[in-house]
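Subject: Structure for your review

Dear colleague,

Please find below the structure that I am handing over to you.

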Amino acid sequence: WLARRHFFRCLIAVFRLHQDLRQQQVAKALGLGRRSCLRAGLEAWREGAAESAWQQRCLATSHQAKQLQKRVLTWFSAGVQQAKLETALELHKSALKAKVSGWLQEMDAAAGDA
């Protein structure tokens, strides 16, 4: 619980820093000039926004990969446990079949002797 809360706070801090960076980039782009530099500023802002979106996607993908790794390990562990249970069940079934078969043979032998 504490680790998740810490991770969440770190993630929020990264997003805040990223927002500050974006605001600085926008301020820098708008400070380039008025009309003649407006297009260059907008282009710089677009590039900054695209870079920001790319970084956010990379961060989200990294987070998703970490979470998926945790889930896959859990799923793998559950699968191994299920396979062990199924193997044990099959062994138990075959032992029961052998025991019942032995009883039936004994009953047949006893009925044949009588």
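**Findings**

A search of the whole structure finds 1 salt bridge, meaning a side-chain nitrogen of Lys or Arg within 4 Å of a carboxyl oxygen of Asp or Glu. Please note that this is a predicted model, in which local features need pLDDT of at least 70 and side-chain atom pairs count only at pLDDT 80 or more, while totals for chains, interfaces and linings use all residues. Residues are numbered from 1 along each chain as its sequence is written, and side-chain values use heavy atoms, with hydrogens and water left out.

The salt bridge joins Glu 43 to Arg 46, with 3.3 Å between the closest N and O atoms. The two residues are separated by about one helical turn because they are 3 residues apart in helix 2. Helices here are DSSP runs of H or I with at least four residues, numbered from the N terminus. Glu 43 has a relative accessible area of 36%, so Glu 43 is partly exposed; this class lies between buried (under 20%) and exposed (over 50%), using a 1.4 Å probe and protein chains only.

His 18 lies in helix 1, which covers residues 2-30, and Ser 52 lies in helix 2. Are these two residues buried or exposed? His 18 is buried because its relative accessibility is 11%, and Ser 52 is buried because its value is 3%. Leaving aside neighbours within four places in sequence, His 18 is in contact (heavy atoms within 4.5 Å) with Ser 52, Gln 55 and Gln 56.

The last topic is pockets. A pocket is an open set of points on a 1 Å grid over the protein atoms alone, where a 1.4 Å probe fits, with protein on both sides within 12 Å along at least five of seven lines; lining residues have an atom within 4 Å of a point. The residues that line the largest pocket are Ala 3, Arg 4, Phe 7, His 63, Lys 66, Gln 67 and Lys 70. Helix 1 and helix 2 (35-113) each give two or more residues to this lining, and helix 2 gives the most, with 4 residues.

Yours sincerely
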